[in-house]
Amino acid sequence: MTKKENKPYVALICAHCEFFKEDDVELECAAFKVLKSMLEKGRISEEEIKDVF
């Protein structure tokens, strides 16, 4: 997946992470990969992720 394709996921998942840096968008932590996979499979919704924050 390209940087552009990941952008919505990064905004949703990474924006609140204390370790996230705008210039490191190519890096993906394990939590990002798990949540992105769950979103794509429909096992979790965007609203559920937003509710955490």
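Student: Is L12 buried or exposed?

Tutor: We call a residue buried when its relative accessible area is under 20%, exposed when that area is over 50%, and partly exposed in between, using a 1.4 Å probe and protein chains only. L12 has a relative accessibility of 12%, so L12 counts as buried. Keep in mind that this is a predicted model, in which local features need pLDDT of at least 70 and side-chain atom pairs count only at pLDDT 80 or more, while totals for chains, interfaces and linings use all residues. Residues are numbered from 1 along each chain as its sequence is written, and side-chain values use heavy atoms, with hydrogens and water left out.

Student: Where is L12 found, and which residues does L12 touch?

Tutor: Helices (H or I, at least four residues) and strands (E, at least two) are DSSP runs, numbered from the N terminus, and L12 is found in helix α1. A contact means heavy atoms within 4.5 Å; if we leave out residues up to four places away in sequence, L12 touches L39, E46, I49 and K50.

Student: Which residues form the largest nonpolar core?

Tutor: A nonpolar core is a set of buried Ala, Val, Leu, Ile, Met, Phe, Trp, Tyr and Cys residues joined through side-chain atoms within 4.5 Å. Here the largest one has 9 residues, namely Y9, V10, L12, I13, C14, F32, L39, I44 and I49.

Student: What joins the side chains of N6 and E28?

Tutor: A polar contact is a pair of N or O atoms within 3.5 Å; within protein, one must be able to donate a hydrogen and the other to accept it, and residues adjacent in sequence count only if both atoms are side-chain atoms. The side chains of N6 and E28 are joined by such a contact of 2.7 Å. N6 has its place in helix α1 and, at 4% relative accessibility, counts as buried.

Student: How should I describe the protein as a whole?

Tutor: Its secondary structure comes to 3 helices and 0 strands, in the pattern α-α-α along the sequence. The radius of gyration, taken over C-alpha atoms and compared with a globule rule of 2.2 Å times the number of residues to the power 0.38, is 11 Å, close to the 10 Å that the rule gives for 53 residues, so the protein is as compact as a globular protein of that length. Buried residues make up 23% of the 53 residues.
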